[in-house]
Amino acid sequence: MSEIKRFDDLADFSTEEISALLALSNRLERHPEPEALKGKVLSLLFLNPSLRTLASFQASMTRLGGGAFVISPEMSIHGLETRPGIVMDGAAAEHVREAVPVIASYGDALGLRAFAEGRNLTEDLEDREYRGLAELVSTPLINMESAINHPCQSLADWKTMDDLDIPVSAGKFVLSWAYHPLALPLAVPAATIQMAAMRGMDVTVLRPGGFELPDVVMNKARRLAERFGGSVQETDNRSEALDGAHVVYAKSWSSTRHYGDKHSDYQLRNQHEDWCVDEPWFQPAETNCRFMHCLPVRRNVVVSEAVLDGPRSVVVAEARNRMWVQMAVLYAMLGPGL
Ligand code: CP
């Protein structure tokens with residue numbers, strides 16, 4: 001692979017291509033190339049909030065000698081309308097159908113963040129908003145988190161596990177649902193289990209009833225696990241899930257039983273406030289089992305302070321690795337290639 005045109009989904013890439021991206025990110029971490037993207041511009045459109053993605057993409061471009069600009073609805077721009085077919089007689093004066101190609105035209109590549117609407121599971125699983133906006137863009141495109149994917153986070157998580165020598169075959173990866181007061185998107189859990197399956201790990205999804213991941217997500221991860229030599233299962237039994245685990249990756253997500261129905265979702269999730277990852281959870285796990293989370297995380301709600309501040313936690317390394325892997329993607333997309 002010499003050049004990347006789209007970075008939508010890790011599953012679009014072969015193991016060899018992902019290995020090459022990870023090797024390039026390690027090389028750029030050790031040996032800076034501050035002129036590799038000289039004169040190149042990255043356009044960044046955030047339709048939703050961010051800390052890590054926003055800062056790490058700007059840092060990535062700067063470290064490679066290029067530049068980036070950011071547009072988000074909170075900035076001093078005309079109100080941005082996203083709904084198709086709308087009569088624009090309200091506050092919004094600009095539609096994404098014009099704004100997106102205009103923003104893309106100022107750069108050599110576009111990074112786009114468009115979260116799930118959280119109303120219609122079918123539409124969100126099909127990633128309709130991201131795909132619809134992507135059709136308006138002719139420059140190379142990077143998914144900075146869509147309704148059902150977060151490939152930059154997943155590549156950084158893969159690098160984090162490699163850096164820590166976490167086993168691949170026979171490595172046990174547990175994605176655990178955790179309590180959170182809000183109904184959050186499925187993007188990170190979906191992207192995370194497929195990443196761990198592509199890494200060849202034995203993946204267990206631990207969640208209470210009503211928070212099963214959709215079949216389309218589980219089946220995709222199972223197909224990838226078959227291809228890459230791992231496995232994927234789902235359970236609500238915590239001690240069984242954590243038995244021999246090398247990694248516990250915590251994340252909250254919406255109830256799939258009540259998707260789009262906030263009231264029923266809250267009634268169900270409020271029964272599981274005790275799903276706060278804490279040290280006793282790790283008793284059946286490997287001694288040095290790691291704790292992972294994509295951040296931002298609510299302390300003593302999703303995970304205890306003891307775990308987050310203790311030696312298991314690698315959350316800051318994951319966030320820092322966002323920068324190195326994104327530099328590799330940008331280098332392959334806009335620079336000398338792989
Ligand atoms: N993990 C992640 O994407 O963080 P931000 O939402 O802060 O960008």
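Contact here means heavy atoms within 4.5 Å. The model shown is predicted.

**Close-up 1. Helix 3 has a buried side and an exposed side.** Helix 3 spans residues 96-105. Its buried residues are Val96, Ala99, Val100, Ile103 and Ala104. They lie on the same side of helix 3, because they cover an arc of only 125° around the axis. An α-helix has 3.6 residues a turn, so residues three or four places apart point the same way. On the other side of helix 3, Arg97 and Ser105 are exposed.

**Close-up 2. Strands and a helix cover the buried residues of helix 3.** The cover includes strand 2 (41-46), strand 3 (67-71) and strand 4 (80-81). It also includes strand 5 (94-95) and strand 6 (109-113). Helix 5 (128-134) is part of the cover too.

**Close-up 3. Gln326 is a buried residue of helix 12.** Helix 12 runs over residues 315-334. Gln326 has 0% relative accessibility, so it counts as buried; the cut-off is under 20%. Leaving aside residues up to four places away in sequence, Gln326 touches Ser56, Phe57, Ser60 and Cys152.

**Close-up 4. Phe173 and Tyr249 form a tilted aromatic pair.** The whole structure holds six aromatic pairs. In the pair of Phe173 and Tyr249, the ring centres are 5.9 Å apart. The planes meet at 35°, so the pair is tilted. Phe173 belongs to strand 8 (residues 172-177). Tyr249 belongs to strand 11 (residues 247-251). The pair links distant parts of the chain, 76 residues apart. Both Phe173 and Tyr249 are buried.

**Close-up 5. Trp177 and Trp275 meet edge-to-face.** Their ring centres are 5.9 Å apart. Their planes stand at 70°, so the pair is edge-to-face. Trp177 lies in strand 8. Trp275 lies in the loop between helix 10 (262-269) and strand 12 (290-292). The pair therefore ties together parts that are 98 residues apart in sequence. Trp177 counts as buried because its relative accessibility is 0%. Trp275 counts as buried at 8%.

**Close-up 6. Arg238 sits over two tryptophan rings, Trp275 and Trp281.** Trp275 and Trp281 belong to one aromatic cluster, together with Trp177 and Phe211. The charged end of Arg238 sits over the ring of Trp275, 5.1 Å from its centre. Arg238 also lies over the face of Trp281. There, the distance to the ring centre is 3.8 Å.

Conventions:
Residues are numbered from 1 along each chain as its sequence is written. This is a predicted model: local features need pLDDT of at least 70, side-chain atom pairs count only at pLDDT 80 or more; totals for chains, interfaces and linings use all residues. Side-chain values use heavy atoms; hydrogens and water are left out. Buried means under 20% relative accessible area, exposed over 50%, partly exposed in between (1.4 Å probe, protein chains only). Helices (H or I, at least four residues) and strands (E, at least two) are DSSP runs, numbered from the N terminus. The arc is that of the directions from the helix axis to the C-beta atoms. Rings of Phe, Tyr and Trp (its six-membered ring) pair if their centres lie within 6.5 Å; planes under 30 degrees apart count as stacked, over 60 as edge-to-face and the rest as tilted. A charge sits over a ring if NZ of Lys or CZ of Arg is within 6 Å of the ring centre and within 35 degrees of the ring normal.
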